[in-house]
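Subject: Structure handover

Hello,

Here is the structure that you asked for. Please open it first and keep it beside you while you read the notes below.

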Amino acid sequence: MTDDDFESDLEKLSSAEDFLEYFKIEYDPKVVQVNRLHILQRFHDYLADVDEQPDGADARWALHADLLGAAYLDFVTSDAKTEKVFRVFHMHEPKIASVPLSDLLGQIPHAAGV
């Protein structure tokens with residue numbers, strides 16, 4: 001396989017199943033159905049952590065296969081809420097503020113007699 005072939009193949013992949021099948025990773029469709037975006041995002045994150053891609057399409061294919069396999073396994077043994085792949089999972093819980101009704105009524109001149 002050439003580098004151009006590998007790049008061309010990657011461009012054609014669109015679903016998590018496409019990636020898993022291309023990199024010959026056995027998977028449970030139920031896990032992928034629930035976590036497809038999380039798996040692909042984790043795979044992307046793992047790729048971004050690689051300082052230098054290896055030379056040669058075969059070595060790059062093997063690296064991608066290992067990283068995608070690791071990303072998939074993360075969601076076999078865990079879940080999206082625990083793994084917190086997307087930024088929304090890192091947001092803090094909403095804060096609840098309470099204001100006594102008497103404070104609000106005190107700001108309205110004609111409400112003093114209520």
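A contact means that two residues have heavy atoms within 4.5 Å. Among contacts in the protein chain between residues at least 6 apart in sequence, 62% join residues at least 24 apart.

This is a predicted model, in which local features need pLDDT of at least 70 and side-chain atom pairs count only at pLDDT 80 or more, while totals for chains, interfaces and linings use all residues. Residues are numbered from 1 along each chain as its sequence is written, and side-chain values use heavy atoms, with hydrogens and water left out.

Confidence: pLDDT is the predictor's confidence in each residue, from 0 to 100. Its mean over the protein chain is 84, and 82% of the residues reach 70 or more.

Elements: the protein chain has six helices and zero strands. Both kinds are DSSP runs numbered from the N terminus: helices are H or I with at least four residues, strands are E with at least two.

Burial: a residue is buried under 20% relative accessible area, exposed over 50%, and partly exposed in between (1.4 Å probe, protein chains only). Of the 114 residues in the protein chain, 29% are buried. Helix α4 (residues 57-76) contains Arg60, and the buried residues of α4 include Arg60, His64, Leu68 and Tyr72. An α-helix has 3.6 residues a turn, so residues three or four places apart point the same way.

Salt bridges: the structure holds four of them, each being a side-chain nitrogen of Lys or Arg within 4 Å of a carboxyl oxygen of Asp or Glu.

- Arg60 pairs with Glu7, their closest N and O atoms being 2.3 Å apart. This pair links distant parts of the chain, since Glu7 is in helix α1 (residues 3-12), 53 residues from Arg60. Arg60 is buried, with a relative accessible area of 14%, whereas Glu7 is partly exposed at 32%.
- Glu17 and Arg36 meet at 2.7 Å, N to O. Glu17 is in helix α2 and Arg36 in helix α3 (residues 29-48), 19 residues apart.
- Arg42 forms a salt bridge with Asp74, again with the closest N and O atoms 2.7 Å apart. Arg42 lies in helix α3 and Asp74 in helix α4, so the pair ties together parts that are 32 residues apart in sequence. Both Arg42 and Asp74 are buried.

Regards
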